[in-house]
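I opened the structure to look up a few local details. My notes follow in the order I took them.

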Amino acid sequence: MIGACIFDLDGVVVDTAKYHFIAWKALAKELGFDFTLEDNERLKGVSRTQSLEILLEIGGKQFPEHEKLAMAKKKNTLYVSFIEKMTPDETLPGVEKFLRELRSNGIKTALGSASKNAPMILERIRLTELFDIIVDGNSITEAKPNPEVFLKGAERLGVLPENCVVFEDAIAGVEAARNAKMLCVGIGEPETLGLANLVIPGFEGFTLEQLFVELRTV
Ligand code: B16
Ligand code: MG
């Protein structure tokens, strides 16, 4: 029985990784090293502070805590200047239709994202109303693969974890879903998201019936 679907944001509902990339690359440039698209893959699904740690490790740099805080803040200011301009046409194909299908079939919906900017992004793409609740980087203390973000979502929705399905694009997120004892649909490549119960390339053409059929045998 599926009682709720919990969606990650970046890489599932929208592609904000490209804006994170520009902002982190600008910081790296300022610090005197290069930051590549391949490096950026390591930051997907990872919190802002952890992302900065990875970036500094790539550049072989070390800074005191207060300077790191200022860097993360600066990066976020640039990132926010991009997401402020986001429009509904940046919602990934098929997501809105699938969310509406869930709700018209009485299945609850939640957002479970590491991003502290999640509420603003949902507002910009006008999808806030399609989520019953939002659990984001402001309401959690433990980062994925810790299951906190998804367990909080299930608890607030009043649905048992085993009746929740998580949609995730990052390995750490798939692990978090499995650690929460939830079913997980990976968005991306089966080679990367092998731990998920099912992997799909995206929501285009994906229906609730397909979800039921594919997860029945799990
Ligand atoms: P912020 P998700 C994650 O979103 C991003 O994938 C990750 O790259 C980012 O560092 C993290 O949010 C924190 O974002 O700086 O906006 O708080 O995939 O969990 O929806
Ligand atoms: Mg993600």
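I count a residue as near a molecule if one of its heavy atoms lies within 4 Å of it. The model is predicted.

**Ligand 1.** I asked how many residues surround ligand 1. I found 18, and the closest are Val-46, Ser-113, Ser-115, Lys-116 and Asn-117. Next I looked up polar atoms. A polar backbone atom of Val-46 sits 2.6 Å from an oxygen atom of the ligand. For Arg-48, a polar side-chain atom is 2.8 Å from an oxygen atom of ligand 1. For Ser-51, I read 3.3 Å between a side-chain N or O atom and an oxygen atom of ligand 1. I then checked cover: the protein takes up 98% of the 470 Å² of accessible area that ligand 1 has on its own.

**Helix 3.** I traced helix 3 over residues 48–59, 12 residues in total. Its first and last C-alpha atoms are 17 Å apart, close to the 16 Å expected. Which of its residues are buried? I listed Ser-51, Leu-52, Ile-54, Leu-55 and Leu-56. These buried residues pack against helix 1 (17–31) and helix 4 (65–83). Just past the helix, I noted Gly-60 with a positive phi of about 65 degrees.

**Thr-109.** I placed Thr-109 in strand 2, residues 108–112. Is Thr-109 buried or exposed? Its relative accessible area is 0%, so I logged Thr-109 as buried. Its side chain reaches the backbone oxygen of Leu-130 at 2.7 Å. Leaving aside neighbours within four places in sequence, I found Thr-109 in contact with residues including Cys-5, Leu-99, Arg-103, Phe-131 and Leu-157.

Methods. Residues numbered from 1 in each chain as written. Chains lettered and ligands numbered in written order. Predicted model: local features only at pLDDT ≥ 70, side-chain atom pairs only at ≥ 80, totals over all residues. Heavy atoms only, no water. Helix = DSSP H or I, 4+ residues; strand = E, 2+ residues; numbered from the N terminus. Expected span 1.5 Å × (residues − 1). Buried < 20%, exposed > 50% of the residue type's maximum accessible area, 1.4 Å probe, protein only. Contact = heavy atoms within 4.5 Å. Polar contact = N/O pair within 3.5 Å; in protein donor to acceptor, adjacent residues only side chain to side chain. Areas by Shrake-Rupley, 256 points an atom, 1.4 Å probe, with all protein chains shown as cover.
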